[in-house]
Amino acid sequence: MTQQTGGRAGSRARDPWRYRWIVLGIATFTQAASGFFVGGIGALGVHLQSALDLSTAQLGLLVSAAQLVPLAGLLVAGELLDRYSERWVVGIGAGVVGLALGAGSLAPGYTTLLVALLVVGMGYSTVQPGGSKSVASWFDASQRGFAMGIRQAGLPLGAALASAVLPLVAEEFGWRATLLTGGFVALLGAGLFMGCYRRPPTPPAPEGKEPSDPLTAQLRARLRMLREPSTVKIMLSGTSLISVQYGVGILAVLHLHQASSVGAAKAALVLVASQGAGVAGRICLAAWSDRSRSGRYAIVLVCMVAVIAGLVVLMTPAGRAPVVASGVFVWLGFFGFGWYGPWVAYVTEAAPPGRTGSALGLAMSVNQIAIVTVPPVLGLLVDRTSSFTPAWALLILLTVIALAVTAATERRPR
């Protein structure tokens with residue numbers, strides 16, 4: 001009888017930690033749901049350009065509008081996550097995304113749509129760092145990379161589904177219906193996260209007193225963090241690879257349609273395949289980082305080399321051949337989207353104790369600078385030169401600089 005009672009107690013003691021897989025599932029779904037519409041803008045490029053008479057630069061600006069507020073919003077979200085439960089911070093943010101997209105479906109034109117996407121960015125600011133922190137708190141270092149890779153796969157997964165579904169919705173019901181669809185999906189993610197997320201059963205380590213410190217002390221702490229070699233690597237690699245990710249997302253369909261003479265529907269399917277490869281990349285590369293003796297950052301370096309190789313091919317005459325270009329975009333999906341899994345795991349482990357939320361917010365807010373500026377710049381280059389080559393060359397230059405600087409830092413004695 002005692003043994004049976006002890007067995008039940010042991011089972012109860014182990015059961016709470018099994019919930020981590022549910023947490024991982026809802027965090028992944030909420031990530032996919034919140035980024036669903038914005039991730040599908042690239043596949044809607046031909047439809048939006050036709051319906052709203054947009055240039056390529058204006059199309060890129062739509063992506064930038066959704067990412068502008070997170071420049072500051074991610075820092076605020078990081079502070080909120082260090083003080084309050086991820087359940088409410090993430091859930092409310094995802095809810096704002098859904099409501100803003102619903103309101104955006106009533107937009108009379110391009111300018112109002114930009115404003116709606118600014119509000120979308122305000123809500124989305126909490127989802128990225130909040131979901132990452134929730135997963136990091138439930139998984140130890142032996143599984144954290146794999147778990148973080150699955151969770152970060154939510155973004156390309158949502159984008160892949162959106163790229164497959166939204167063009168059909170736009171074709172049948174018009175571009176406004178795509179915003180309603182995205183808003184409904186985001187609200188589903190918000191409801192699921194608020195209803196199902198729980199904190200780990202083990203109480204978190206004391207967070208210290210920094211949240212109550214004066215503003216000047218907090219700013220000094222951020223400056224100290226910025227001077228750390230690990231932070232330099234995080235920011236350089238993050239900004240270069242996120243530029244590639246969003247560049248591929250916004251230009252892949254247009255490159256295939258205009259430079260390779262692929263139909264709009266088939267080009268959108270290639271983007272779906274590219275984003276699907278990104279899902280696999282985020283999981284596989286993050287799992288590899290759990291077992292790599294060279295550390296997680298070595299996997300990020302591999303991604304930079306692979307991305308450069310793929311972009312070089314797109315600049316050659318072979319890159320205009322439909323089969324070659326399609327294959328390269330799938331390659332860029334695996335490495336150009338997949339880098340985020342090991343990168344985020346590296347950020348969480350490099351963060352000071354008790355400051356995971358702030359470190360994620362800081363790193364992701366720096367990425368936002370590239371997300372906001374690069375898509376319209378790439379679009380402007382395409383518009384002015386009537387060629388995709390300068391856009392791909394700019395992405396190569398950014399990645400080569402980041403690779404050279406961070407690889408040198410990685411070789412230095414620790």
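Here's a quick walk through one predicted model, from the overall picture down to a few side-chain pairs.

Some housekeeping before the details. This is a predicted model, so local features need pLDDT of at least 70 and side-chain atom pairs count only at pLDDT 80 or more, while totals for chains, interfaces and linings use all residues. Residues are numbered from 1 along each chain as its sequence is written, and side-chain values use heavy atoms, with hydrogens and water left out.

Okay, confidence. pLDDT is the predictor's confidence in each residue, from 0 to 100. Here the mean is 81, and 86% of the residues reach 70 or more. Residues 1-13 stay under 50, and the model gives that stretch 0 contacts beyond four places in sequence; contact means heavy atoms within 4.5 Å. Residues 204-212 are also below 50, but that stretch has 9 contacts beyond near neighbours in sequence.

Now the fold. We have 20 helices and 0 strands, where helices (H or I, at least four residues) and strands (E, at least two) are DSSP runs numbered from the N terminus. Of the 414 residues, 57% count as buried. By buried I mean under 20% relative accessible area, with exposed over 50% and partly exposed in between, using a 1.4 Å probe and protein chains only. If you take contacts between residues at least 6 apart in sequence, 83% of them join residues at least 24 apart.

Let's zoom in on Thr28, which is found in helix H2, residues 20-34. Thr28 is buried at a relative accessible area of 10%. Apart from neighbours within four places in sequence, what does Thr28 contact? Ile150, Arg151 and Gly154.

On to salt bridges, meaning a side-chain nitrogen of Lys or Arg within 4 Å of a carboxyl oxygen of Asp or Glu. There are 2 in the structure. One joins Glu86 and Arg199, with the closest N and O atoms 3.9 Å apart. That pair links distant parts of the chain: Glu86 sits in helix H7 (86-104) and Arg199 in the loop between H12 (175-196) and H13 (215-227), 113 residues apart. Glu86 is buried, at 3% relative accessible area, whereas Arg199 is partly exposed at 46%. Then there's Asp290 with Arg296, at 2.8 Å from N to O, and Arg296 counts as buried at 8%.

Disulfides are quick: the structure holds 0 of them, taking a disulfide as a pair of cysteine sulfur atoms within 2.5 Å. If you're looking at cysteines anyway, Cys196 is partly exposed at 26%, and so is Cys284 at 42%.

Last topic, aromatics. Rings of Phe, Tyr and Trp (its six-membered ring) pair if their centres lie within 6.5 Å; planes under 30 degrees apart count as stacked, over 60 as edge-to-face and the rest as tilted. The whole structure has 10 such pairs. Take Tyr297 and Tyr346, a tilted pair at 5.5 Å centre to centre with 50° between the planes. Tyr297 lies in helix H16 (296-315) and Tyr346 in H18, so the pair ties together parts 49 residues apart in sequence. Both tyrosines are buried. Helix H18, residues 340-350, is mostly covered, with 9 of its 11 residues buried, including Trp343 and Tyr346.

Trp331 and Phe335 are tilted too, at 4.8 Å and 50°. They are 4 residues apart in helix H17 (322-338), about one helical turn. Trp331 is partly exposed at 40%, while Phe335 is buried at 13%. Together with Phe334, they form one aromatic cluster.
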